[in-house]
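Please look at the sequence and the structure first.

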Amino acid sequence: MTHDHGHDDHHHDDDHHHHHADHWRDNGVKVIPGNSLDPNTAQTPGMNRATAISKARAGAEKIWAGTVTIHANAKTGAHHHGDLESIIYVVKGKARMRWGDNLEFVAEAGPGDFIFVPPYVPHQEINASRDETLECVLVRSGQEPVVVNLDIEPVEKPEEVLWIDPIHK
């Protein structure tokens, strides 16, 4: 059965037509300005994560989204994200990913490329450029900011680039 929502000549008994007038205004589409992301999320040395979409910020129940910036020539420590699936979209720069029990596998991605990280995969994000910041969009399959930092001796040693967001200096 199809509903033609362009005409008012039949009755709609669907629940979503009985909400009070403000329902969709308050519980509908949300636009999160890029300059209002929240840096208060789990961090890994060498990268800055900032939350755009979460339950607290947008009412999302099943996904989390934000940005990650990795400084020029910076490398994160080895970590995984528990049972979460992660998708990384490279906006600017050159990403090198290492993964595996000994971070023995490697692949690179550039602007426009998507990276998929399955649950529990030990990995390390590396900015493969010596002079350009790596900027990515990050989407996860859940709300918990799970970051399990692992004690793996990485092939490419992380530089201790500890970042403190401007709000907490």
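## A polar contact in the chain

Asparagine 48 and histidine 71 make a polar contact through their side chains, at 3.2 Å. The model shown here is predicted. Asparagine 48 belongs to strand S1. Its relative accessible area is 11%, and because buried means under 20%, asparagine 48 counts as buried.

## The chain as a whole

The protein chain contains 2 helices and 10 strands. Along the sequence, these elements follow the pattern α-β-α-β-β-β-β-β-β-β-β-β. The chain has 169 residues, and 38% of them are buried.

## Contacts of aromatic rings

How many aromatic pairs are there? The count is 2 aromatic pairs. In a pair formed by tyrosine 89 and phenylalanine 114, the ring centres are 4.8 Å apart. The planes of these rings meet at 55°, so the pair is classed as tilted; planes under 30 degrees apart would count as stacked, and over 60 as edge-to-face.

This pair joins distant parts of the chain.

Another ring has a charged group over it: arginine 140 lies over the face of tryptophan 64, at 5.4 Å from the ring centre.

## The cavity

Rolling a probe the size of a water molecule over the atoms shows where empty space is left. In this model the count is 1 cavity of 30 Å³ or more. The largest cavity has a volume of about 70 Å³.

Which residues are closest to the centre of the largest cavity? Of the 13 residues in its lining, they are Val68, Ile70, Ile88, Glu125 and Cys136. Strands S1 (47-53), S2 (64-70), S5 (95-99), S8 (123-127) and S9 (134-140) each give two or more residues to this lining. S9 gives the most, with 3 residues.

By class, the lining of the largest cavity has 11 nonpolar and 2 charged residues, and no polar ones.

Notes: Residues numbered from 1 in each chain as written. Predicted model: local features only at pLDDT ≥ 70, side-chain atom pairs only at ≥ 80, totals over all residues. Heavy atoms only, no water. Phe/Tyr/Trp six-rings, centres within 6.5 Å; stacked < 30°, edge-to-face > 60°. Helix = DSSP H or I, 4+ residues; strand = E, 2+ residues; numbered from the N terminus. Lys NZ or Arg CZ within 6 Å of the ring centre and 35° of its normal. 1 Å grid on protein atoms, 1.4 Å probe; cavity = no way out; pocket = protein on both sides within 12 Å on 5 of 7 lines; lining within 4 Å. Points joined across faces, edges and corners; volume = space filled by probe spheres on them. Nonpolar A, V, L, I, M, F, W, Y, C, P; charged D, E, K, R; others polar. Buried < 20%, exposed > 50% of the residue type's maximum accessible area, 1.4 Å probe, protein only. Polar contact = N/O pair within 3.5 Å; in protein donor to acceptor, adjacent residues only side chain to side chain.
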